[in-house]
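Please keep the structure in view while reading.

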Amino acid sequence: MSDPTPRHLLEVDDLTPAELSQVLELAQDHALHRVLEGRGAALLFEKPSARTRHSTEMAVVQLGGHPVYVRPDEVGIDERETAEDLARVLAQYHAAICARVYDHTVLERMAGTGAVPVVNLLSDQAHPLQAVADLLTLLEAGGLDGRTLAWVGDFSNVARSLSLAAALTGMGVRVAAPEGYGPTDDDLARVRGLGGSIEVSDDPATAVAGVDAVSTDAWYSMGQEAEASERRPLFEPYRVDAALMGRAHPDAVFLHCLPAHRGEEVTDEVLDGPASRVWPQAANRLHAARGVLAWLLGVRPRSDEEDLA
């Protein structure tokens with residue numbers, strides 16, 4: 001029987017700061033909470049992804065469940081049946097629906113059925129599991145509260161989720177983006193509404209000065225390839241190279257959600273250099289997915305259980 005009032009994770013600020021802290025604690029707890037024992041999780045992928053598929057499938061396995069990967073042509077969202085009807089059907093077989101979609105409203109409609117927890121594996125608006133993985137990586141690199149991160153480049157779905165996550169955890173954010181590619185007024189209001197600090201400029205050198213972490217993403221993502229020739233000259237000044245990283249704090253780390261376009265948004269010397277945490281960051285995608293799924297299915301950190309004992 002499904003939870004009558006399931007929680008969802010469509011964006012990272014669906015969680016309160018205390019709830020996000022619990023998710024991070026669960027993600028760091030490598031004990032196997034087999035909350036999915038004998039249960040399934042539907043993984044819908046309108047957009048393919050290596051990291052997201054592998055990390056989420058293995059998270060389900062580590063929780064004792066069985067992941068079922070579903071291609072778009074197998075379900076035909078809003079073609080063969082509505083997103084709502086599909087969610088209701090899948091909820092008859094699975095304990096959770098995890099979906100990577102083009103249109104964020106598809107996730108909202110699935111969640112609106114109230115059938116089982118819905119997890120956003122990426123939409124045009126948000127990438128919350130990446131944000132949780134980024135926080136885990138930054139925790140391993142020295143902590144969160146009071147630290148500052150610079151986002152360099154397109155303020156994408158990844159940047160939006162990371163900025164919201166930073167606001168929930170006491171980190172400040174600086175954004176350097178070309179005109180027209182920075183956060184919207186709504187983005188700024190949303191981050192500041194959570195108590196977060198976010199500064200925006202078009203100068204990457206200023207944004208990076210003294211920060212504890214630098215993060216970037218591809219200049220054009222899947223589905224934006226036709227814009228590549230237009231975007232490249234605009235984003236050239238936003239490449240993260242050794243000189244730019246040299247303006248950050250000496251112990252600053254470099255993050256990238258991958259795949260990286262080497263030589264475009266980041267140089268080899270940074271991606272493969274001593275400040276890079278991209279491979280632990282990729283590993284943390286698994287831990288983030290496991291922590292989120294466990295939390296949505298009712299597992300709470302051992303420390304909270306001990307406090308209640």
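In this predicted model, L20, V23, L24, A27 and Q28 of helix α1 meet V132, L135, L136 and L139 of helix α6. By residue class, the contact of α1 with α6 comprises 8 nonpolar residues, 1 polar residue and no charged residue. Helix α1 spans residues 17–28 and helix α6 residues 128–140, and the two pack at an angle of about 70 degrees with their axes 10 Å apart. Angles of 65 to 115 degrees count as roughly perpendicular, and α1 and α6 are therefore roughly perpendicular to each other.

In soluble globular proteins, nonpolar side chains tend to be buried together. The largest nonpolar core here has 60 residues, and L20, V119, L138 and V292 are those with the most contacts inside it. When neighbours within four places in sequence are left aside, the contacts of L20 are V12, L15, V132, L135, A165, L168 and T169. Another core lies apart from the largest one; it has 21 residues, including A42, L44, V106 and V118.

V106 also belongs to the buried residues of helix α5 (residues 104–112), which are H104, V106, L107, M110 and A111. Viewed down the axis of α5, these buried residues fall within an arc of 155 degrees, so they line one face of the helix. Which elements do the buried residues of α5 pack against? They pack against β1 (40–45), α4 (83–90), β3 (94–100) and β4 (118–122). Just after α5, G114 adopts a positive phi of about 65 degrees.

The axes of helix α7 (residues 157–169) and helix α8 (residues 185–193) come within 8 Å and cross at roughly 25 degrees. An angle under 35 degrees counts as roughly parallel, which makes α7 roughly parallel to α8. On the side of α7, the residues in this contact are R160, S163, L164 and A167, and they meet D187, R190 and V191 of α8. The contact of α7 with α8 divides into 3 nonpolar, 1 polar and 3 charged residues.

The backbone also calls for attention at several positions. L122 is not a glycine, yet its phi is positive, at about 140 degrees. This residue lies in strand β4, one of the elements against which the buried residues of α5 pack. L122 is buried, with a relative accessible area of 8%. L258 is likewise a residue other than glycine with a positive phi, near 65 degrees. L258 is found in the loop between β9 and α12, and it is buried, with a relative accessible area of 12%. The peptide bond from L258 to P259 is cis, with omega near 5 degrees. P259 is also placed in the loop between β9 (253–256) and α12 (268–271).

One further residue concerns the surface.

Definitions and conventions. Residues are numbered from 1 along each chain as its sequence is written. This is a predicted model: local features need pLDDT of at least 70, side-chain atom pairs count only at pLDDT 80 or more; totals for chains, interfaces and linings use all residues. Side-chain values use heavy atoms; hydrogens and water are left out. Axes are lines fitted to C-alpha atoms, for helices over the stretch in contact, and angles run from 0 to 180 degrees between N-to-C directions. Helices (H or I, at least four residues) and strands (E, at least two) are DSSP runs, numbered from the N terminus. Angles under 35 degrees count as roughly parallel, over 145 as roughly antiparallel, 65 to 115 as roughly perpendicular and the rest as oblique. Contact means heavy atoms within 4.5 Å. Ala, Val, Leu, Ile, Met, Phe, Trp, Tyr, Cys and Pro count as nonpolar, Asp, Glu, Lys and Arg as charged, and the others, Gly among them, as polar. A nonpolar core is a set of buried Ala, Val, Leu, Ile, Met, Phe, Trp, Tyr and Cys residues joined through side-chain atoms within 4.5 Å. Buried means under 20% relative accessible area, exposed over 50%, partly exposed in between (1.4 Å probe, protein chains only). The arc is that of the directions from the helix axis to the C-beta atoms.
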